[in-house]
Amino acid sequence: MNNYHVAVDIGASSGRLILADLSQNKLDLKEVHRFKNGFIFSAGHDRWNVTELFNQIIVGLEKVKKLGITNCIIGIDTWAVDYVLLDEDDQLLVEPVAYRDSRTNGAMAKVFEKVPKEIVYEKTGIQFLNFNTIFQYVSEDAELLSKATSSLLIPDYLAFRLTGKKCCEVTNASTTQLLNITDRDFDKELLEVVGLKKELLADLIESGTVIGDLREELMATHDLPECTVVAVGTHDTASAVVGVPATTDNWAYISSGTWSLIGVENQEPVVTKEGLEANYTNEWGAYHTYRFLKNITGMWAVQEIARDLNYQYTYSEMAEQAYQVEPFLQYVDLNDNRFTNPDNMIAEIQDYCRERGQIVPETVGELTMCVYSNLALIYAHEWKRLEQLTGRTLDVLHIVGGGSNVELLNQLTADVIGKKVVAGPDEATAIGNLLVQMITYSRMQNLKEARQWLAKEIDLKVYEPQPIADRDHLKKFEEMTVSKDYNKM
């Protein structure tokens, strides 16, 4: 049995290779390599440098080999929806466009002219976001698309570069909004709408499928360990949900990073008129589960405030100053499109408050508390909506991912929803990546056993709800934001 597993976990701002030594059947993790990620404006669009991402994976694997490890298992997860186009020689036609690029403006209307919105949701069960892959393909340069002989989602492309084998893992594929949730295959009508031939896409595979070993030419040109690549939950949220250490029923989760993904894990999809109206999605999860969730804003605003301040403050320092500020002084819809990619986040938040006659946050503490207060209110609104849509009474909220370390936000969230919040692990995505590898190689029998093992292996922090002076903050927030088409973004 191979004792060494590597999680390649790449997000919108950074990537890392996490090594797990399981020789003692303990979760012994070591970050071997970390690198920056981000999009840049090139050739008319915001683009990712996936060529460099692949190079950094190789650098990380070389570091693994230098640790004396000669054999390991690898799984790759990244963000969703974005794709590459390859020519007949399997070379990139151009670096892929990033989902925050403006090219998809108006793309939804083009699709709905051919297939009504209600039918698209009935077919796919997927939340409508203007950067979903279906809308990106509609917006793709026709000449460029005509030159492509294949198209792969980002994690599948990186796995292809490693192994030479093309595949399309389902957890990420579902976010394209091109999979038929009943047939569990690409929907022919939707492919026709976007002008995409099915032959351009790789075959679907499930999480836990072994893709293959590293290419011989990579082994010949680099000092790498012998590696087998496994398709984990290649969508980072899918891996993060696998990494939720839940041991009871009726729990919800927030995968907290640049985005916040709030939802529940289901055995069957919830494709209803109410789900459509609330813009909830049924992304496919590992092991034939469904992530019934909503994609809402997360740490993005705080990240942008830090950038606007030229990183004078760490996130911890920003939170420390926020503690000195009263919460809930403003009601700000951070999901508004104006906050998606503004030139200056601080100015955008201030303008928003000024336009509505609210207290304008000025200091770093005021700005940070403004963001965290409103994130807690957004979470509380969606918590209530989840209970309505699923008909379940939820007992505990698990917050995982990098945002689980923000104690101020965790406590504010517990206070507003009036339920226990359990925070951790912050490395849920990498851990979920690793758990799928472990199940594939029979270290664990199933997801339930893996989560029970995980809960014993990590330290979790529990936040009990505390009384707050004004219990009407959520109501006021909803009156000022939800009534303004908040649910239908």
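How many bridges join strand β15 (residues 251–256) to β19, and do they run parallel or antiparallel? Five bridges join the two strands, which run parallel.

## Basis of the model

This is a predicted model, in which local features need pLDDT of at least 70 and side-chain atom pairs count only at pLDDT 80 or more, while totals for chains, interfaces and linings use all residues. Residues are numbered from 1 along each chain as its sequence is written, and side-chain values use heavy atoms, with hydrogens and water left out.

Strand β19 spans residues 396–400, and five of its five residues are buried (under 20% relative accessible area, with a 1.4 Å probe and protein chains only).

## Helices α12 and α15

The axes of α12 (residues 300–308) and α15 (residues 364–390), which are lines fitted to C-alpha atoms over the stretch in contact, come within 9 Å and cross at roughly 165°. That crossing makes α12 roughly antiparallel to α15 (a term for angles over 145 degrees).

Contact, meaning heavy atoms within 4.5 Å, brings A301, V302 and I305 of α12 to L367, V371 and Y372 of α15. By class, this contact has six nonpolar, no polar and no charged residues.

Definitions and conventions. Axes fitted to C-alpha atoms, helices over the stretch in contact; angles between N-to-C directions. Helix = DSSP H or I, 4+ residues; strand = E, 2+ residues; numbered from the N terminus. Parallel < 35°, antiparallel > 145°, perpendicular 65-115°, else oblique. Nonpolar A, V, L, I, M, F, W, Y, C, P; charged D, E, K, R; others polar. Buried < 20%, exposed > 50% of the residue type's maximum accessible area, 1.4 Å probe, protein only. Pairing = 2+ DSSP bridges.
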